[in-house]
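Q: Could you take a close look at how the ligand is held here? I'd like its contacts and its surroundings in one connected account.

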Amino acid sequence: MERTFAIIKPDAVKNGVIGRILARIEQEGFRIVAMRLQHLSKREAEGFYAVHSARPFFGGLTDFMSSGPCVLLCLEAPDAIKTWRTLMGATNPANAEPGTMRKEFGASIDNNATHGSDAPETAAFELGYFFRGLEL
Ligand code: ATP
Ligand code: MG
């Protein structure tokens, strides 16, 4: 079994599709290990996406991520990191496969509905950033 960190981003929460995304997560066989609704501060969003701090889109990305509540999730499944990335689809919803979360619920590269860790090291960092050991 493997664990990954996922976010239902502020656009998807505002659009009222938390339930539909969670339903797909469960249908695809993930176990929800931990889950919390949280409105990130700008500073918390900057810490989370620190790896992108030099990118031109960093300010817009962290404004967006702190623009409303998110759903923070720890998901467990065999090969969870890759399976969730596949279910999310490409970063830009315009390039995402039909049936993926970003194709169905994302509007643009800035408003792309979901996040998923991209490697075991990032999953470990991201889970530890948002969840206490006792919650996992
Ligand atoms: P995430 O980390 O949110 O799951 P990702 O791993 O598919 O997305 P990253 O390269 O980590 O993509 O980029 C993080 C976020 O930054 C993306 O979700 C997207 O909203 C934004 N982003 C990435 N590249 C661009 C870009 N060229 N222009 C604008 N925004 C971008
Ligand atoms: Mg990423």
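**Around ligand 1**

A: Happy to! Start with R102: an N or O atom in its side chain is 3.1 Å from an oxygen atom of ligand 1, a polar contact (a pair of N or O atoms within 3.5 Å). This is a predicted model, where local features need pLDDT of at least 70, side-chain atom pairs count only at pLDDT 80 or more, and totals for chains, interfaces and linings use all residues. Residues count from 1 along each chain as written, chains are lettered from A and ligands numbered from 1 in written order, and side-chain values use heavy atoms, without hydrogens or water.

R85 also reaches ligand 1, with a polar side-chain atom 2.8 Å from a ligand oxygen. G116 uses its backbone instead: an N or O atom there lies 3.2 Å from an oxygen of ligand 1. The protein buries 78% of the 580 Å² that ligand 1 exposes when taken alone (Shrake-Rupley areas, 1.4 Å probe).

Methods
A polar contact is a pair of N or O atoms within 3.5 Å; within protein, one must be able to donate a hydrogen and the other to accept it, and residues adjacent in sequence count only if both atoms are side-chain atoms.
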